[in-house]
Protein chains: 2
Amino acid sequence: MTSTESAPRSLPEIGRLAKAATRQIARAATTRKDAALAALADGLDRARAAILAANADDVAAARAAGREPWLVDRLTLTANRLDSIIADVRGLIALPDPVGEAFDTTVLANGLRVHRHRVPLGVLGVIYEARPNVTVDVAALAIKTGNVAILRGGSETLGSNQALMVVVRGALAQVGLPEDAVQLIEDVDRQRIFELLQMHDVVDVIIPRGGAALHRLCRDHARMPVIVGGVGICHLFVDASADLDQSLPVIVNAKTQRPSVCNSLDTVLVHADVAARALPLIVATLAPLGVVFKADPRALALVGPGSAGVEPAGPDDFDTEWMSLVLGLKVVDSLDEAIDHIAAHSLNHSDGILTEDVANAARFINEVDSAGVFWNASTRFNDGGQLGLGAEVAVSTQRLHVRGPMGLRELTTYKWVATGDYHVRA
Amino acid sequence: MTSTESAPRSLPEIGRLAKAATRQIARAATTRKDAALAALADGLDRARAAILAANADDVAAARAAGREPWLVDRLTLTANRLDSIIADVRGLIALPDPVGEAFDTTVLANGLRVHRHRVPLGVLGVIYEARPNVTVDVAALAIKTGNVAILRGGSETLGSNQALMVVVRGALAQVGLPEDAVQLIEDVDRQRIFELLQMHDVVDVIIPRGGAALHRLCRDHARMPVIVGGVGICHLFVDASADLDQSLPVIVNAKTQRPSVCNSLDTVLVHADVAARALPLIVATLAPLGVVFKADPRALALVGPGSAGVEPAGPDDFDTEWMSLVLGLKVVDSLDEAIDHIAAHSLNHSDGILTEDVANAARFINEVDSAGVFWNASTRFNDGGQLGLGAEVAVSTQRLHVRGPMGLRELTTYKWVATGDYHVRA
């Protein structure tokens with residue numbers, strides 16, 4: 001792996017080595033895993049020049065190939081971005097190790113002592129695109145949680161990933177952990193992805209980090225569990241009792257702080273009782289920030305059909321994740337209509353209510369079935385760091401195992417432990 | 001559904017009705033769900049004659065078709081078995097409702113108040129074979145946990161299932177819950193299973209209850225998460241310090257109490273230091289109970305190669321789930337060799353150690369990575385009822401979401417709820 005001259009490992013070989021590494025990393029002491037993270041952070045700092053040079057080659061090749069500017073931007077590592085990657089690795093050291101935790105401890109009527117014992121998930125398969133930061137991010141999260149990781153990054157970023165992997169594997173070796181606990185699929189032929197998705201005997205979970213097409217591919221072909229997420233059509237409902245002055249900054253934050261991500265706002269629903277005041281305010285506040293609007297007929301009538309940047313909403317507009325400075329506007333007559341609209345159009349990622357009415361907030365929280373539900377807070381909080389998990393590998397919109405941020409604890413499972421005095425089942 | 005004259009519902013129709021029922025059952029009060037369970041138990045009691053008559057027809061048809069005796073046995077309902085089914089439904093009423101529980105409650109540094117709020121999984125797809133008891137079992141568990149269930153039982157048991165479903169749906173209607181919260185796929189064409197496995201927009205999880213072939217089919221074709229389980233090659237390791245007199249009843253219990261189930265014992269590993277005494281005792285104790293043995297060469301030498309019921313183990317014998325009164329015997333030189341053997345041959349269902357040595361027990365518990373790990377206790381305890389969960393829908397051997405018994409709590413997921421004072425992300 002450290003030599004670019006040798007042939008890339010085959011998938012069966014990677015799987016065999018991954019499986020062989022699981023037992024050792026799973027039972028590594030917290031101190032040893034944290035030492036590996038410290039070695040990784042130090043190693044990245046020392047290898048800056050090599051990493052940035054490899055990345056510059058990747059970036060030049062992507063530019064020469066005429067790749068899209070957003071892809072080139074995601075691909076690019078700078079000294080600042082590398083600092084931030086290193087800081088994230090160091091940040092993980094301080095977080096508690098979930099592995100080994102005993103919970104649901106109980107003594108049954110027959111005297112059998114039972115608890116659940118937290119253990120790593122096993123082997124994570126992570127498929128991602130042109131973001132070299134994900135390579136370090138997933139490697140560090142896997143090490144912290146005693147998991148093994150098989151990484152398949154985008155072909156555009158192979159050189160950067162290889163340079164980063166030298167450091168990752170060096171850090172593992174330095175503290176006596178198996179290097180093969182983190183492996184990169186260096187054969188970037190797309191066929192290898194399909195091969196990986198068949199390896200249910202090795203890979204315990206597939207985590208695709210990318211767009212809807214990658215998720216679909218994984219869901220359609222994976223023979224093991226997949227954690228899908230990272231796609232959201234997010235709503236804020238401005239209820240009749242909302243404090244409008246305080247609501248505006250929340251809408252601004254949810255829409256404009258980082259419009260290209262999954263927890264950014266797509267649609268504002270406004271209660272009819274306050275729409276005549278709220279909608280013009282929303283447009284007047286957000287339009288100068290570059291936001292353009294897709295308004296339903298009632299909203300359109302209130303904000304002035306001729307306003308610059310306001311267009312009638314088309315038939316699919318309320319089912320679109322904008323990923324940009326576009327915002328849907330719709331008037332609803334009641335909390336029920338808001339909840340029904342969200343049930344019909346949300347992708348169950350992040351939805352919120354702005355209200356002073358406790359009963360309406362309680363109904364919204366109970367009845368809106370999204371991974372994150374927000375009352376008087378921005379949808380942008382649906383994030384591992386923001387919700388206090390310290391780190392995340394993905395934001396899940398599926399229902400099994402994890403919803404919302406997949407942090408350290410969500411990278412574990414448990415086993416049942418029962419201790420008896422030669423107990424037999426009656 | 002109550003009329004056998006109308007055409008069976010199509011899968012898309014079932015899916016649409018299931019999805020429509022989710023919101024109402026998900027937010028039903030505990031008292032209403034418990035009232036539905038009471039109505040179900042009462043209804044089953046009242047409908048005894050119709051249920052047993054329908055079942056007798058199914059059994060007669062299966063016999064006439066020359067089906068296997070074990071299948072006919074599983075298919076058969078008797079007054080006693082119906083009593084036990086009714087008692088299980090009543091037992092669920094007393095168990096706590098997991099839905100609505102708030103957990104991981106915290107206030108972040110910025111004042112945002114955050115918790116996780118427990119909610120139903122959504123729509124369960126359960127595929128099973130000739131066991132009509134599963135129909136009631138899953139219906140009752142789904143009702144208790146606010147889930148919707150789509151059931152696909154074996155074709156042999158269609159008449160029984162239809163008779164049971166009349167009662168299930170009547171009970172839901174009686175308390176004002178949507179009848180379509182539990183639906184049976186009455187079109188028993190196998191093609192409908194493949195159709196169900198494609199419905200990832202409706203079905204949140206597929207739970208196959210059956211053999212390895214059914215699990216494989218679901219893993220290969222499902223486009224949604226699958227909970228697989230119910231298959232185990234289970235071990236007990238008799239360590240050098242085990243109390244042999246107390247160990248024998250544990251081995252007897254694990255092997256013979258119910259040999260046809262997944263948590264029954266398949267292989268006994270015996271430490272070489274005690275093998276000369278332990279192995280003849282094991283054979284002498286279990287042989288009269290009808291157990292036959294597959295012994296490795298060292299074990300064979302100790303129990304006497306000529307003993308009745310003792311055969312040399314063949315090459316695949318330690319990789320076979322016996323489901324019958326067959327027991328593998330093997331001598332190992334150390335705890336490490338026992339752990340290695342289990343790592344190589346277990347299906348990670350239920351494995352245990354019999355020892356008086358606390359350090360060895362601790363290592364075994366840490367290093368054996370099975371859904372249930374037992375110290376001085378029978379593997380037969382790996383069961384929802386036995387581990388104090390009260391009920392279970394399956395015993396999972398996969399790692400995501402649930403390991404071991406899938407009880408009420410494991411039939412739920414959560415959403416994040418964040419409450420702020422018009423908080424924005426910095």
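Me: Which residue stands opposite B:Gly372 in E13(B)?

Reply: A:Trp416 does. This is a predicted model, where local features need pLDDT of at least 70, side-chain atom pairs count only at pLDDT 80 or more, and totals for chains, interfaces and linings use all residues. Residues are numbered from 1 along each chain as its sequence is written, while chains are lettered from A and ligands numbered from 1 in the order in which they are written.

Me: What makes strand E16 of chain A and E13(B) a pair?

Reply: Pairing takes at least two bridges found by DSSP between two strands. E16 (residues 412–423) of chain A and E13(B) are joined by 5 bridges and run parallel, so they pair. Strands themselves are DSSP runs (E, at least two residues), numbered from the N terminus.

Me: Which strands pair with E11(B) in the parallel sense?

Reply: Strand E8 (residues 265–271) of chain B does, over 5 bridges, with B:His271 partnered by B:Val332. Strand E9 (residues 292–295) of chain B also runs parallel to E11(B), joined by 4 bridges; there B:Val292 has B:Val326 as its bridge partner.

Me: How many residues does each chain bring to the contact?

Reply: Chain B gives 61 residues and chain A gives 61 residues; contact calls for C-beta atoms, placed from the backbone, within 7 Å. On chain B's side, E16(B) supplies the largest share, 11 residues.

Definitions and conventions:
Two residues are in contact if their C-beta atoms, placed from the backbone, lie within 7 Å.
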